[in-house]
Amino acid sequence: MREKVVRYGLLSTSQIGFNAHLPASRESKSSQIVSISSRAAAKAKAAADEHGINRWYGSYEEQLADPEMDAVINALPISMHCAWTVKAAEAGKHILCEKPLATSAKDCARMIDAARSNNVVLVEGFTHRWNPHLRKARALVAVGAIGQVVTVSAVGCSHRTRPADYESIRYSAELEGGALREVGSYAVYAARFVLRAEPIRVHGVGFDSGGWGVYTTFCGVMEFGNGVLANVTSSMEHSSFRFRISIDGRDGRIEIPSMFDDSGPVIIKGVEGRDEQTITTPAPNRFTAQLDEFSECVLTGKAPEFPAEDGLRNSAVLEALHESASSGRSVTLDLEAAGSPRARQDP
């Protein structure tokens, strides 16, 4: 490994690699993307040529065997996260895995065990926790700026822009697509993040608009041990792109109108909306901040601020919400222990 630089490979040719991770790596002083892989050699070569990536591979196995690569960014479909994260760990590669970490808590635990057994770093790529506005909201809740929190409302919705969108992995049951994991995971994570707490019971309802085998719209309620109720809404077919959160307390309200506007404001309101205050939050590229921290952990042995167990817990909540919608029953969770969360359907 070159001094103070972690060399990454993009595992897949998904757009988030080119649109987010690659630009971030070029801003980072400690991170460099050196290769890309696909199951089709022609596709990998075309992507490497187009984006100025040094090496390309026609299989994921070939890329993992590259001794001049230290880590992978696993941007494969969610259903493939577990298998290829485990293989990457066994190949001695550190893994920054796109969200959600896996489709089940059991698979997350397998990934964590593989990383631990092979002494590599594993982190879930949830970049929004690097956004100053979400961190500010979390800090305000912690100091009681709006009193005891009563409810949280979090929304993660995207919109279909062309008929071809129906052919994407988001609409694939085989690849574990659907509104809850694809976009609702942001809403679930944001609620957990600002509250610094885990739900004890969830109830979910989903709707499949076209017989895809996945929920295209999903709503859920998360109940926390301190009495807070969080509503989460997700859809892949909204008329607008909306990712927002509001936290209501006995003495006020905190709003983040757009979680995807990295430098967007935090709005604080008093009782009955009085004494409104807007806090601006200039932000760095959140993908660069994530890469910088991950590379630091690889290079120095520093523990990640958000270890993979956090991804396990978020995945467990998503799994429970999906189970609830499928069964029509609430699901009780025990997430206090990071290792193997227990869930059961309520009668």
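At 1% relative accessibility, F126 counts as buried (under 20% relative accessible area; exposed is over 50%, partly exposed in between, with a 1.4 Å probe and protein chains only). The model is predicted, with local features needing pLDDT of at least 70, side-chain atom pairs counting only at pLDDT 80 or more, and totals for chains, interfaces and linings using all residues. Residues are numbered from 1 along each chain as its sequence is written, and side-chain values use heavy atoms, leaving out hydrogens and water.

**Exercise 1.** Classify the aromatic pair of F126 and Y189, and state which parts it ties together.

Solution. 
Step 1. Rings of Phe, Tyr and Trp (its six-membered ring) pair if their centres lie within 6.5 Å; planes under 30 degrees apart count as stacked, over 60 as edge-to-face and the rest as tilted.
Step 2. The centres of F126 and Y189 are 4.5 Å apart and the planes are at 20°, a stacked pair.
Step 3. F126 lies in the loop between β6 (122–125) and α6, and Y189 in helix α7, so the pair ties together parts 63 residues apart in sequence. Helices (H or I, at least four residues) and strands (E, at least two) are DSSP runs, numbered from the N terminus.
Step 4. Y189, with a relative accessible area of 3%, is buried.

**Exercise 2.** Find how many aromatic pairs the whole structure holds, and classify the pair of Y8 and F294.

Solution. 
Step 1. The search of the whole structure gives 14 aromatic pairs.
Step 2. For Y8 and F294 the ring centres are 6.1 Å apart and the planes are at 45°, so this pair is tilted.
Step 3. Y8 belongs to strand β1 (residues 6–11) and F294 to helix α8 (residues 286–300), so parts 286 residues apart in sequence are tied together.
Step 4. Y8 is buried at 0% relative accessibility, and F294 is buried at 1%.

**Exercise 3.** Which residues of helix α6 are buried, and what covers them?

Solution. 
Step 1. In α6 (residues 132–142), the buried residues are H133, L134, A137, R138, L140 and V141.
Step 2. Their arc around the axis is only 165°, which puts them on the same side of α6; the arc is that of the directions from the helix axis to the C-beta atoms.
Step 3. An α-helix has 3.6 residues a turn, so residues three or four places apart point the same way.
Step 4. The cover includes β7 (149–157), α7 (179–195), β11 (242–249), β12 (252–256) and β13 (266–269), where contact means heavy atoms within 4.5 Å.
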